[in-house]
Amino acid sequence: MTIGRIVMYVFAAMLAGVTIGLLKSWPAPAPPQHQDVAQPQVPPVVASISVRTSPPSSTPPPSSSAAVAAQAARRPGPELPPGEPVRSQGEGWWRTVAGTTAQVGAGRVRTYSVEVEQGVVPPQAQQPFAAAVDQVLADPRGWIASGDVAFRRVDVAQPDVRIRLTATETARATCGFALPYDTSCYLNGVVYVSAPRWFRGAESFAGDLAGYRKYLINHEIGHFLGHGHEPCPANGAPAPVMMQQTFSVSNDELAAITATAPQGLRIPRDGKTCVANPWPHPEVAR
Ligand SMILES: [Zn+2]
């Protein structure tokens, strides 16, 4: 055997080794099928929205003793009422519900669109949602009562405000985790309607789901119009639509619930409790 042949054998053996190595590493190992399920994945949201990255609903309720005390007093609380399960995660994008309306009200016109996050509710639930929004904004007890505000729904045109039925996780990722309760919110020209609240309401409305839905839309559109939160002004009075009635119609309870996360005002602990009210202008007769 010549030295040249030995070199050739060694070279061939090396080549075979490299080939086997390559075959071992190809194809690349498949990634795990599921991400860590312990960390719920927050669906992506549209780019124009700032997303807080604090952890999702792992935040515990304010304190178990507070919850026990609230239950003992048998007062309506800030928790979501029992009912049909509603999907907590959506796809993070919204489809505009087709349809337009004539102008309602005589003031400056604000256009709105009604949109539904995909993956949250079935298609047949979308038109009823839009119809309910239209009805609330057209009501004579609504914001149009002032004479300064008018609304018109658009679908193709760019709206002034978008009203979006939204999954819990998307709404919370968008609006923050300051309060450990399901709630709707308004941010940068968009009303995020919490889907579980839309379908299950709030205890303060004592089973009046239709009334709660009217409140929800009026309250968040109130933010769009520039209104901040308000406390209950007098015992037994209709709660201002800008009171956070989702949590409570009692100033003391609202002050306790929002103590660690003030909501734009200091609620006086004055013992005043209002009656749930969905309208900005309840004094207007229908
Ligand atoms: Zn609010």
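**View A. N188 sits in the loop that links β5 and β6.** The model shown here is predicted, so to speak of local features we ask for pLDDT of at least 70 and count side-chain atom pairs only at pLDDT 80 or more, while totals for chains, interfaces and linings use all residues. Residue numbers start from 1 along each chain as its sequence is written. Helices (H or I, at least four residues) and strands (E, at least two) are DSSP runs, numbered from the N terminus. N188 is not a glycine, yet its phi is positive, about 50°. Most residues other than glycine have a negative phi. Is N188 buried or exposed? N188 counts as exposed because it has 11 C-beta neighbours inside 10 Å. For that label, C-beta atoms are placed from the backbone, and a residue is buried with 20 or more other C-beta atoms within 10 Å of its own, exposed with 12 or fewer, and partly exposed in between.

**View B. A206 lies in the loop between α5 and α6.** Here too phi is positive in a residue other than glycine, with a value near 45° for A206. A206 is exposed because 12 other C-beta atoms lie within 10 Å.

**View C. Helix α6 covers residues 209-224.** From its first C-alpha to its last, this helix of 16 residues reaches 23 Å, close to the expected 22 Å. The expected span is 1.5 Å times one less than the number of residues. How many residues of α6 are buried? The answer is 12 of its 16, so that α6 is mostly covered. Among them are Y212, Y215, L216, H219, E220, G222 and F224. The buried residues of α6 pack against α3 (126-138), β4 (161-166), β5 (185-187), β6 (190-194) and α5 (195-200). Contact between two residues requires their C-beta atoms, placed from the backbone, to lie within 7 Å. Just past the helix, look for G226, with a positive phi of about 105°.

**View D. α3 and α6 pack with their axes 10 Å apart.** Two packed helices are described by the angle between their axes and the distance between the axes. The angle here is about 65°, and α3 and α6 are therefore roughly perpendicular to each other. Axes are lines fitted to C-alpha atoms, for helices over the stretch in contact, and angles run from 0 to 180 degrees between N-to-C directions. Angles under 35 degrees count as roughly parallel, those over 145 as roughly antiparallel, 65 to 115 as roughly perpendicular, and the rest as oblique. The crossing of α3 and α6 is right-handed. In a crossing, the near helix is turned from the far one by less than a right angle, anticlockwise for left-handed and clockwise for right-handed.**View E. Helix α4 spans residues 168-175 and is mostly covered.** Eight of its eight residues are buried, including T168, E169, R172 and C175. Which elements do the buried residues of α4 pack against? They pack against β2 (108-117), β4, β5, β6 and α5. G176 follows α4, and its phi is positive, near 110°.

**View F. R152 belongs to strand β3, residues 149-153.** R152 counts as partly exposed because it has 18 C-beta neighbours inside 10 Å. Its C-alpha is 4.6 Å from that of Q103, although R152 and Q103 are 49 residues apart in sequence. Leaving aside neighbours within four places in sequence, R152 is in contact with T101, A102, Q103, V109 and T111.

**View G. P268 lies in the segment after α7 (251-257).** P268 is partly exposed because 13 other C-beta atoms lie within 10 Å. Not counting residues up to four places away in sequence, P268 touches P231 and N251. P268 and N251 are 17 residues apart in sequence and 6.4 Å apart in space, C-alpha to C-alpha.

**View H. The whole protein has seven helices and six strands.** Along the sequence, the pattern runs α-α-β-β-α-β-β-α-β-β-α-α-α. Buried residues make up 36% of the 286 residues. Among contacts between residues at least 6 apart in sequence, 73% join residues at least 24 apart.
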